[in-house]
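Please keep the structure in view while reading, and follow each paragraph on it.

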Amino acid sequence: MDGESQILKSSAGHGKRGGWITFPFTIATTAGLNVAAAGWMNNLTVYLIEEFGMNSIDAAQVSNIMNGSVNFVPVVAAILADSFFGCFSVVWTSCLISLLGIVLLALTSTIDTLRPQQLCTNGSGICMSPTKLQFAFLYGGIALASIGLGGMRTNIATIGANQFRDSKYQNMFFNWFFFTMYIGTVIGATVIVYIEDNVSWKFGYFVCVAVNFVGLVVFLSGSRFYHYAKLEGSPFTSLAHVIVATIRKRKLPILDENNWYNGPHANVDQTMSIAPSRSFGFLNRAALKCEGDVKQDDSIAKPWRLCTVSEVEDFKSLTRTLPLCSSSIFLSTPIAVLISLSVLQALAMDRHLGPHFQIPAGSIPVIVLVTTSIFLTIFDRFLFPAWEKLIGHNVTPFKRIGVGHVLTFIGLGVAALVESKRLNQVRDRDGFKISVLWLVPHLVLIGIGEAFHFPGQVSLYYQEFPTSLKSVSTALTWLVIAVSFYVSTALIDLVRRTTSWLPNDINQGRIDKFYWVFAMVGMVNFGYYLLCVWFYKRKVGNKVVDHGAANAFNK
C-alpha cells in the first residue's frame with residue numbers, strides 16, 4: 001500500500017511538493033468557506049427584513065448586488081493571482097477578508113447598538129431607522145465577506161489543480177472540488193440557516209465565523225506541502241496590447257503584401273509571413289510590422305505598438321464569443337430575479353411540514369442547487385452516453401445551452417402561474433397561505449435548465465478559446481453571472497419606479513406579471529441565441545467558417 005502511495009504521489013505531484021498530500025488541505029478549505037458563505041448569504045434577505053426593518057424588495061436588491069459582487073470579484077482575483085501575487089497569497093488573504101466580514105455581521109446580531117431596536121412594522125406608529133454606524137457595520141460586513149468569498153472561489157480551485165502534473169489527476173481534483181462546493185453550500189443553506197431561524201442569528205453567524213476560521217487555519221497548515229506555480233502574467237495584458245496597437249496604427253493601409261509579425265524568428269524558413277484571418281480585419285493592423293517595431297534579434301521593441309498574429313487571432317476569438325455571452329446574460333438574469341424573489345414568496349406562504357417543522361425561507365433556493373447537482377449526475381452517467389450511442393455523436397455545448405434556454409422560460413411561465421394562484425388564494429380566502437411546496441416545480445425546472453446551460457457555457461468558452469486564453473474563458477463565465485445579478489437589480493428598480501407590481505407587501509403586488517414579462521423576454525432571447533449561433537464564426541484549423549444554426553447545433 002505504501003508503494004502504491006509513493007507511485008501515485010510521484011506521478012501526480014511536482015517532486016517533493018504537491019500531489020495528493022495537499023488534497024485534504026485544499027478540499028477542507030473549500031468545504032469550510034462554502035459552508036460559512038451559504039450560511040450568511042442564503043438568509044441575508046430575511047436578516048435584513050427581520051433585524052434591520054428593511055423593505056422586502058430593497059432587501060432582495062441588496063442580496064442581488066451581493067451575489068453580483070461575489071461573482072465579479074473572481075475575475076479581478078484571477079488577474080491579481082496570475083500577474084502579481086500568486087494563488088496562495090490571494091487565497092489566504094481572501095479567507096482572512098471573508099472572516100473579518102462575517103465577524104462584522106456576527107457583531108450586528110450580537111451587540112444591540114449595532115442594529116435598530118424599534119423596527120417599522122405594519123400598524124405601528126413607532127419606527128427607528130438604522131443609524132449610519134449600524135449601516136456601516138452591516139454593509140462593511142457584507143462587502144468584506146463578499147470580496148473574500150469571490151477572491152477565494154476560483155483561486156482555491158487553481159492552486160488545488162496546480163498540485164498535479166497529470167491532467168487525469170487534475171480532472172479528479174476538479175470533480176471533488178465541485179462536489180465539495182455543492183455539498184458545502186447545501187449544508188450551509190440548510191443547517192446554518194435553520195439555526196439562524198430557529199435558535200438565534202447570533203449563534204448561526206458565529207458558527208459561520210468558526211467554520212471560516214477553521215478553513216483558513218487548515219489552508220495555511222498545508223503551506224509547506226504546496227507546489228507554487230511560477231507567475232506567468234495575465235493574458236489580459238496581451239489583449240490590451242492588441243487594442244492599443246490597433247488604435248495607434250489605425251491610419252495605416254492594409255495590403256496583401258504587408259509584412260505580418262509572427263514572433264521572433266518565426267519566418268526564418270518562409271519567404272512570406274503568415275497573414276491573419278480576414279474577419280475583424282481592422283484588428284490586423286496590430287500585427288503589422290513597421291520600422292522600429294522590432295529589435296535586431298526580431299523580438300518586439302515596442303509591445304504597445306506591435307503584437308503577433310497569434311495574439312491578434314486570440315483577441316478575435318474572444319470578440320466572436322461576445323454575442324453568445326450577451327445571450328447568456330439575459331438567460332441568467334431571470335434566474336437571478338426568480339431566486340431572490342422566491343425567498344420573499346416563501347415568507348408569504350405556509351412553510352410548515354407537519355406540526356413541528358418549518359422550512360426556512362432562505363433555504364428555498366437550495367432546491368435549484370440540489371436539482372442541478374442530481375441532474376448533472378444523471379446527464380453525465382446515463383442520458384448523454386445513451387444519446388451518443390443512439391445518435392452517434394456527443395451532445396454539443398450549443399445544444400446544451402439551447403435546451404437550457406427553453407427550460408428556463410418554461411420555468412418562468414410556471415412560476416407566473418404559481419404566483420397567480422397564490423395571489424388569488426390570498427385575496428379570495430382572506431389571507432389564506434398556500435404551501436411553499438408550490439414553489440418546487442418551477443425551481444426544479446430552473447435547476448434542470450441550469451444543469452444543461454451552465455456546463456454548456458463553460459465548455460463552449462473553454463473549447464473555443466485558444467490555449468493562451470483558457471483562464472479568461474473561466475473568468476468570463478463568472479463575469480456573465482455577475483453582470484446578470486447587476487442587470488436584475490436594475491430591472492427590479494425600473495419596474496418598481498414604473499409599475500405597482502413590486503410593493504413592500506408582495507400580497508398587494510403582481511409578481512406574476514413580472515415573471516410573465518421575463519418568460520416572454522426569455523423566448524425572444526432564445527431566438528437571439530439562435531441568431532448568434534447562426535452567425536458565429538468557429539475556427540477549423542487555420543480557417544474561419546460560418547455555420548448555420550442547424551449545422552452549429554450538430555457540430
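A residue counts as buried when its relative accessible area is under 20%, and as exposed when that area is over 50%. The model shown here is a predicted one, and of the 555 residues of the protein, 49% count as buried.

With that cut-off in hand, we can turn to Arg351, whose place is in the loop between α10 (309-347) and β1 (352-353). Its relative accessibility is 13%, and because buried means under 20%, Arg351 counts as buried. Once its neighbours within four places in sequence are left aside, Arg351 is in contact with Asp197, Ala346, Phe357, Gln358, Ile359, Pro360, Ala361 and Val436. The side chain of Arg351 also reaches the backbone oxygen of Ala346, at 3.3 Å. Ile434 stands 83 residues away from Arg351 along the chain, and yet the C-alpha atoms of these two residues are separated by 8.8 Å.

That pair leads to a view of the whole chain. The protein has 16 helices and four strands, and among its contacts between residues at least 6 apart in sequence, 78% join residues at least 24 apart.

Apart from its neighbours within four places in sequence, Thr180 is in contact with Ile27, Thr30 and Ala31.

From single residues we can move on to a pair of helices. Two packed helices are described by the angle between their axes and by the distance between the axes. How do the axes of helix α11 (residues 366-391) and helix α13 (residues 440-464) cross, and within what distance do they come? They come within 8 Å and cross at roughly 50 degrees, and α11 and α13 are therefore oblique to each other. The crossing of these two helices, α11 and α13, is right-handed.

The residues that meet there can be followed on each helix in turn. On the α11 side they are Ile367, Val368, Thr371, Thr372, Phe375, Leu376, Phe379 and Phe384, while α13 brings Val440, Leu443, Val444, Ile446, Gly447, Ile448, Glu450, Ala451, Phe452 and Pro455. Sorted by kind, the residues of this contact of α11 with α13 divide into 14 nonpolar, three polar and one charged.

Notes
Residues are numbered from 1 along each chain as its sequence is written. This is a predicted model: local features need pLDDT of at least 70, side-chain atom pairs count only at pLDDT 80 or more; totals for chains, interfaces and linings use all residues. Side-chain values use heavy atoms; hydrogens and water are left out. Axes are lines fitted to C-alpha atoms, for helices over the stretch in contact, and angles run from 0 to 180 degrees between N-to-C directions. Angles under 35 degrees count as roughly parallel, over 145 as roughly antiparallel, 65 to 115 as roughly perpendicular and the rest as oblique. A crossing is left-handed if the near helix is turned anticlockwise from the far one by less than a right angle, and right-handed if clockwise. Contact means heavy atoms within 4.5 Å. Ala, Val, Leu, Ile, Met, Phe, Trp, Tyr, Cys and Pro count as nonpolar, Asp, Glu, Lys and Arg as charged, and the others, Gly among them, as polar. Buried means under 20% relative accessible area, exposed over 50%, partly exposed in between (1.4 Å probe, protein chains only). A polar contact is a pair of N or O atoms within 3.5 Å; within protein, one must be able to donate a hydrogen and the other to accept it, and residues adjacent in sequence count only if both atoms are side-chain atoms.
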